[in-house]
Amino acid sequence: MQLVHTPAELRAALGPGGSPSLGLVPTMGHLHDGHAHLIRRARAENDRVVLSLFVNPLQFGPSEDFAAYPRDLPHDAAFAERAGVDVLFAPDTDQMYPPGFATRVSVAGVSEGFDGASRPGHFSGVATVVLKLFNLVQPTRAYFGEKDWQQLMVVRRMVRDLDLLLEIVGVPTVRSSLPGEEGLALSSRNSYFTPPQRARAAVLARALGAAQQCYAAGERRPDGLLAAARAVLVSEPDLTLDYLGLVDGDMRDIEQLDNGGVSIPRRSDAPLPADAPTQARLLVAAHLFGVRLIDNLPLTVPATAPAAVDYAEKVQ
Ligand SMILES: Nc1ncnc2c1ncn2[C@@H]1O[C@H](COP(=O)(O)OP(=O)(O)OP(=O)(O)O)[C@@H](O)[C@H]1O
Ligand SMILES: CC(C)(CO)[C@@H](O)C(=O)[O-]
Ligand code: BAL
C-alpha cells in the first residue's frame, strides 16, 4: 500500500488516466469494521482501491467535535493495508483548503431537514469535500455507508445534478454483535463511550427494530410506527432525541415526531402502501452521554420477523 499526502503524490501513485477500474472509499479515519465492509466491497468490484482519510473541518459546526475527533494515522494505515487498500490518501487541511479557498457546493432539498437542520452547513461541507475527492481521484465507483443515509442521498443527488461520471455504491450498515450492544451501528464516535454506555446506545437500533417489527405485523400508519420507536427511546433516561422521522425513497419527509412525542404529518396523513417492500425509511438522531448518534432502518416485510442484529445483510 502506498501512503500519500498531497494531490501531486496522489496523481503520481494513480498513474496516467485510462487505467483499470478504481474504487474510492472516503472516510474521516478511526477505521472500524463498517469501513472494512466498504473497502471489501470496493476491493471486489474494482482493480484498485483508494481510501481517503481526512477529518474535514468544513462539515463541522463551531460547537461540534472537530478538535476531539479521534485521529490515529498509524493504526488506520495498518488497518487499511490489511483490508486491501492500494493507496491511502491522507492530506492535511492546507492541501485540501489552501489559503484563499472560497468555493462551496450546496445541494438543495435533500440537504434540508433532519441532519441538515440540526447541523447547519454540514452537507455543504460534505458535498464540497466529496466533489474535491472525486476530482482528485477520478474513481470509477465511490462507496458510502447507509448508516449516513441522508449523506448518501446528498451525494447521489450531486452526482446526478452535476453529470459526474462515476457510480455511487451504498453499503448496508454494519452493526455490532457484541453481547449487550447487539444492533448498535458501528461508528467512529462509539469510541467516545465506555462499554456500558455503548450497550445503552444500542437503544437507537432497538427502537428502529421495534418500529420495523410493528410494520411487519401490519401497522401502516406513520404515527403508529414512530410511536413504536419512541416508546423504546424514552426507556433510556439519558437520551435526548434530536429527531425521529419517516422519509420516502426520495428522502421526502413523510412524518416526524416533535420532542414531546407529538406526530407531525409533513406530506400526507395517509397510511403507507400495504405492499412490501416500500421505500420508506426511519431516521433517528439523538444525544447520549454528550455524543450525537444517528441511525436509520428501511421498513420492509421480511419473510421472518427481523432479528435484533445484523439488519445489514437483510436489507440489501
Ligand atoms: N457501521 C457502518 N456501516 C456501513 N458504513 C459505515 C458504517 N460506519 C461508517 N460507515 C461509512 O463509512 C464512511 C466513512 O464514515 P466516517 O469515517 O465518518 O465513519 P463513521 O463511523 O460514520 O464516523 P462518525 O462516528 O463520525 O459518524 C461513510 O460513508 C459512512 O457512512
Ligand atoms: C464522506 C465523508 C468522508 C466526507 O468528509 C464523511 O462525511 C464521512 O466520513 O462520512
Ligand atoms: N460520517 C458522518 C460524518 C460526520 O458526522 O461529520
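Helix 6 contributes the most to the shell around ligand 2, with three residues. This is a predicted model, in which local features need pLDDT of at least 70, side-chain atom pairs count only at pLDDT 80 or more, and totals for chains, interfaces and linings use all residues. Residues are numbered from 1 along each chain as its sequence is written, while chains are lettered from A and ligands numbered from 1 in the order in which they are written.

**View 1. The shell around ligand 2.** Pro26, Thr27, Met28, Asn56, Gln59, Val126, Val129, Val130, Asp148 and Gln151 are the residues around ligand 2 (C-beta atom, placed from the backbone, within 6 Å of it). Strand 2 (22-27) and helix 6 (122-137) are the elements that give two or more residues to this shell; helices (H or I, at least four residues) and strands (E, at least two) are DSSP runs, numbered from the N terminus.

**View 2. The annotated pair.** UniProt, in an unreviewed entry, places a "binding site" at Gln59 and Gln151; such annotations may be inferred rather than shown by experiment. The two span 93 residues in sequence, yet no two of their C-alpha atoms are more than 11.3 Å apart, so they gather at one spot.

**View 3. Gln59 in its loop.** Gln59 lies in the loop between strand 3 (48-53) and helix 3 (73-83). Leaving aside neighbours within four places in sequence, Gln59 is in contact (C-beta atoms, placed from the backbone, within 7 Å) with His122, Gly125, Val126 and Val129.

**View 4. Gln151 in helix 7.** Gln151 sits in helix 7 (residues 149-161). Beyond neighbours within four places in sequence, Gln151 is in contact with Val126 and Phe144.

Conventions: Contact = placed C-beta atoms within 7 Å.
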